[in-house]
Amino acid sequence: MASILGRDTELTWLGHATCQIRTPGGKTLLVDPWISGNPACPQAVKERPPSPDALLITHGHGDHVGDAVTLGKETGARVVGIYEMYLWLHNKKGVPGAMGMNKGGTAELFPGVRATMVHAVHSCGVLDEGQVIYAGEACGYVIRLENGFTIYHAGDTMLFGDMQLIGELWQPDLAFLPIGDLYTMDPRQAARAARMLGVKYVIPIHWGTFDALTGKPEHLQEFLRGTEIQVLAAQPGVPIR
Ligand code: NI
Ligand code: MN
C-alpha cells in the first residue's frame, strides 16, 4: 500500500481488535493481542506471531486479552493493563513484564513512546478456569509516538461524550474504532466518535470476525461523507504506512 501516513510509522490490523504499531524508533506495540483463536487473524501471523516490545490490554474479554499471557511470558514484553488486570496477569498468571496503571495516567513505555489510559464504556471480567474474575474496568489508550504521531485505540466501547475531551487534550491523528455493533459502537456512533475526536484517519476494527458483528467500513464511510476524515479500510496483516 502506498504511503498514507507518511510518518515513519507502520500500522497493521491483525483482525478483530488486534492492532500492531511499529514506531519510528523501532519498537513494536501490540494492542489486544488475540492471535491463536482469532478467526480474522491471517494464518501467516498465527504461524509466526509478532515479537512485541509492549502489549496493551484494553479489557479482560477473551477476544482482547487473548494471547497476552503466552506472548508476555515468551517475549518478556511489558504488558500494560488497568490495575486489577495487572494483578491477575502478574500475581495469578506470572507474566513478568506486567505493569498496572489507571485512567488518566500516562506511562512512558520507551523513550518518547507514551501511553495514556482513557475511559471506555464496556464491561471487563476475565474468564479464568470457568469463572469470571473482576479485572477492573474497560479502557482505551492514547498512544503518542517518538515523532508526535498520536493514535487512539478505543478498545470495546459505546460512544461517549468525553471522546470530545480526548480529542481536545491529545489531538489524535488516527483512531482505531470498533464498528461491529452488538458488543460495541455501530458505524453511526463511530462516525460521531471520529468527528468528536477530530482525527484525520479512522481504521475500523471489531467487525466481520463473526456474523453477529454486522457493521461494515462502507457504512462508516457513508456516515462520514462530506467530512475530511479518511476511513482506512485495512485488511488483516497488510501494513499501512
Ligand atoms: Ni469486550
Ligand atoms: Mn470485544
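In this predicted model, helix α5 meets helix α6 through Met 163, Gln 164, Ile 166 and Gly 167 on the α5 side and Ala 193, Met 196 and Leu 197 on the α6 side. Of the residues in this contact, five are nonpolar and two polar, and none is charged. Helix α5 spans residues 163–170 and helix α6 residues 187–197; their axes approach within 7 Å and cross at roughly 35°. The crossing is right-handed.

The model also holds a metal site. The nickel ion (ligand 1) is coordinated at 2.2 to 2.3 Å by His 59 through NE2, His 61 through ND1, His 122 through NE2 and Asp 156 through OD. These donor residues follow the sequence spacing H-x1-H-x60-H-x33-D. The arrangement around the nickel ion (ligand 1) is irregular because its four donor atoms subtend angles of 89 to 176°; a tetrahedral assignment would require all angles to lie between 85 and 135 degrees.

The manganese ion (ligand 2) lies 3.2 Å from the nickel ion (ligand 1), and Asp 156 coordinates both. His 61 belongs to the loop between β4 (54–56) and α2 (62–65), whereas Asp 156 belongs to the loop between β12 (150–153) and α5, so the pair ties together parts that are 95 residues apart in sequence.

| Residue | Relative accessible area | Class |
|---|---|---|
| His 61 | 22% | partly exposed |
| Asp 156 | 2% | buried |

Asp 156 counts as buried because its relative accessible area of 2% is under the 20% cut-off.

How values were computed:
Residues are numbered from 1 along each chain as its sequence is written. Chains are lettered from A and ligands numbered from 1 in the order in which they are written. This is a predicted model: local features need pLDDT of at least 70, side-chain atom pairs count only at pLDDT 80 or more; totals for chains, interfaces and linings use all residues. Side-chain values use heavy atoms; hydrogens and water are left out. Axes are lines fitted to C-alpha atoms, for helices over the stretch in contact, and angles run from 0 to 180 degrees between N-to-C directions. Helices (H or I, at least four residues) and strands (E, at least two) are DSSP runs, numbered from the N terminus. A crossing is left-handed if the near helix is turned anticlockwise from the far one by less than a right angle, and right-handed if clockwise. Contact means heavy atoms within 4.5 Å. Ala, Val, Leu, Ile, Met, Phe, Trp, Tyr, Cys and Pro count as nonpolar, Asp, Glu, Lys and Arg as charged, and the others, Gly among them, as polar. Donors are N, O and S atoms within 2.8 Å of the metal (3.2 Å for Na, K and Ca); water is not among the atoms, so sites may look incomplete. Four donors count as tetrahedral if all angles lie between 85 and 135 degrees; four count as square planar and six as octahedral if opposite donors are over 155 degrees apart and all others between 65 and 115; anything else is irregular. Buried means under 20% relative accessible area, exposed over 50%, partly exposed in between (1.4 Å probe, protein chains only).
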